[in-house]
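Before you plan any work around this model, please read the points below with the coordinates open beside you. They begin with the core, go on to the pockets, and end with a few places in the backbone that deserve a careful look.

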Amino acid sequence: MAEFPNLSRRGFLNGSAAVGGLLVVPGLLTACSKTDSGSATGEGALDKLRKQGFVRVAYANEAPYGYLEGKELKGEAPTLHREIFKALGVDELKPTLSEWDGLIPGLQAGKYDVVSAGMAITPERCGNAIFSEPEFISPTALMVKKGNPKKITDLASAKEAGITVGVMSGAVEGSYAKGAGIPEDRIKTLQKPQDGADAVKGGRIDAFLLTGISLRWLAKTNPDTEVTEAFVPELDGTKQFSPGGAVFRKGNEDLRDSFNRELKKIVSDRSRYVQLLEPFGFGETEIPPADLKTADLCKG
C-alpha cells in the first residue's frame, strides 16, 4: 500500500482534550450511539432516514466544499452527498449552518446526521466521530499578488525569498510552513480565507497557504490575486495529500458503511466524479487513490 499521511486540510495539531474545539463527551457519545444504532427497536439509522425522507446535514459555509447560494446548498460535499443519499433512498438534504469548530460537537449532540463540509480525516477527529472513506484529496498552493512579484512557486522558494506567509488559525498549513523551515515570525495567522486574500492584497503577507481547491475558488472573487501551481508539501519527509470525507456519529457505522458503498461507485467512475464536482474546482487530480483508506488515516 502507498503511504498516505494523516494530516490534512484544517487538521488541528495540538494534543489537548479539546482538539480545535472538538470536545470529547463520553456520556453524550454513548447516549447517541444507543439511540442511533437502533438496537432497542431493530430499526437502523438509514431506515429512519428513508421513512422521514430527508437527511440533516451540517455545513460551514465554506466554498467550494459546502455553502449556501440563495436557498440552495451547493459545493463538493452536498453535491456528492445528495447523489449518494438519493441512491440510498433518501431524496432531500436539510442543511444546518455551523461554525467550523462546532461541526463535530453538534453532530455528537444529535443536531444533524452528517457533516457535509469536506472535513479533513485526522486521528484526533476519528476519536470523536466516524468518517467515510476519502471523498477527495487536494494538494496545496499559495495565493500571491497578481503577477507573483516574489516569484514564489512552493514553500522552499518562499523560505529562500524570506517572505511572510499567512495560514488559517489552527490549520495544518502552519505545520507545513514550519516544516519547510520558514521562521515563526514570518508565519501570520488568519481567521478566514477571505482574511488571507485581503492580507495578500494589502501587502500584510506575501503569500497565503491553503489547498489549491480553496485558493482557486477564492481567486474568483479576488481578481488582484493569483494562485500558484499546486504542490504536495512534506512533513518529516512524508507527502501530505489532504484527504477529506463525510462525518457520522459514533453508533452510525451501518449508515456510514451504506454511504461508503455508494461513494465507491462514484470515485471508481472518473468521468462521473468529474461531471459532478468539476463546477466546484474538483477534477481527476482530486480523486482519492483506491488504496487510501480512512482506517489507516485514523491510525496516524
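1. The core. The largest nonpolar core has 32 residues, and those with the most contacts inside it are Val 55, Phe 85, Phe 248, Tyr 273 and Phe 282. Such a core is a set of buried Ala, Val, Leu, Ile, Met, Phe, Trp, Tyr and Cys residues joined through side-chain atoms within 4.5 Å, where buried means under 20% relative accessible area, exposed over 50%, and partly exposed in between (1.4 Å probe, protein chains only). Two or more residues each are given to this core by α2 (45-52), β3 (54-59), α3 (76-87), β16 (244-248), α10 and α11 (270-277), and α10 gives the most, with five residues. Helices (H or I, at least four residues) and strands (E, at least two) are DSSP runs, numbered from the N terminus.

2. Basis of the model. This is a predicted model, in which local features need pLDDT of at least 70 and side-chain atom pairs count only at pLDDT 80 or more, while totals for chains, interfaces and linings use all residues. Residues are numbered from 1 along each chain as its sequence is written, and side-chain values use heavy atoms, with hydrogens and water left out.

3. The chain overall. The chain has 12 helices and 16 strands, and 51% of its 300 residues count as buried. Of the contacts (heavy atoms within 4.5 Å) with a separation of 6 or more, 75% are between residues 24 or more positions apart.

4. Leaving out residues up to four places away in sequence, Phe 85 touches Leu 49, Val 55, Val 90, Leu 93, Val 114, Phe 248, Leu 255 and Phe 259. Ser 132, in the loop between β8 (130-131) and β9, is buried, with a relative accessible area of 0%; with the same exclusion of residues up to four places away in sequence, its contacts include Phe 248, Arg 256, Phe 259 and Asn 260.

5. The largest pocket. Its volume is about 710 Å³, and of the 25 residues that line it, Glu 62, Met 168, Gln 191, Lys 192 and Pro 193 lie nearest its centre. On a 1 Å grid over the protein atoms alone, a pocket is an open set of points where a 1.4 Å probe fits, with protein on both sides within 12 Å along at least five of seven lines, and lining residues have an atom within 4 Å of a point; grid points are joined across faces, edges and corners, and a volume is the space filled by probe spheres set on the points. The lining of the largest pocket draws at least three residues from each of domain 1 (45-137 + 242-292) and domain 2 (140-239), with bounds that come from an automatic or database domain assignment.

6. Make-up of that lining. The residues lining the largest pocket divide into 11 nonpolar, eight polar and six charged, where Ala, Val, Leu, Ile, Met, Phe, Trp, Tyr, Cys and Pro count as nonpolar, Asp, Glu, Lys and Arg as charged, and the others, Gly among them, as polar. The largest share, three residues, comes from α9. The buried residues of α9 are Gly 212, Ile 213, Ser 214, Leu 215 and Leu 218, and what covers them includes β9 (140-145), α8, β12 (207-211) and β13 (225-227).

7. The second largest pocket. About 290 Å³ of space lies in this pocket, and among its 16 lining residues the closest to its centre are Glu 133, Lys 264, Val 267, Ala 290 and Lys 293. Helix α10 (residues 253-267) supplies the largest share of this lining, six residues.

8. Backbone points to check. Most residues other than glycine have a negative phi, and most peptide bonds are trans. The peptide bond from Ala 63 to Pro 64 is cis, with omega near 5°, and Pro 64 is placed in the loop between β3 and β4 (67-69). Asn 61 lies in the loop between β3 and β4 and has a positive phi, near 60°; Asn 61 is partly exposed, with a relative accessible area of 42%. Asp 236 also has a positive phi, of about 50°, and is exposed, with a relative accessible area of 84%.
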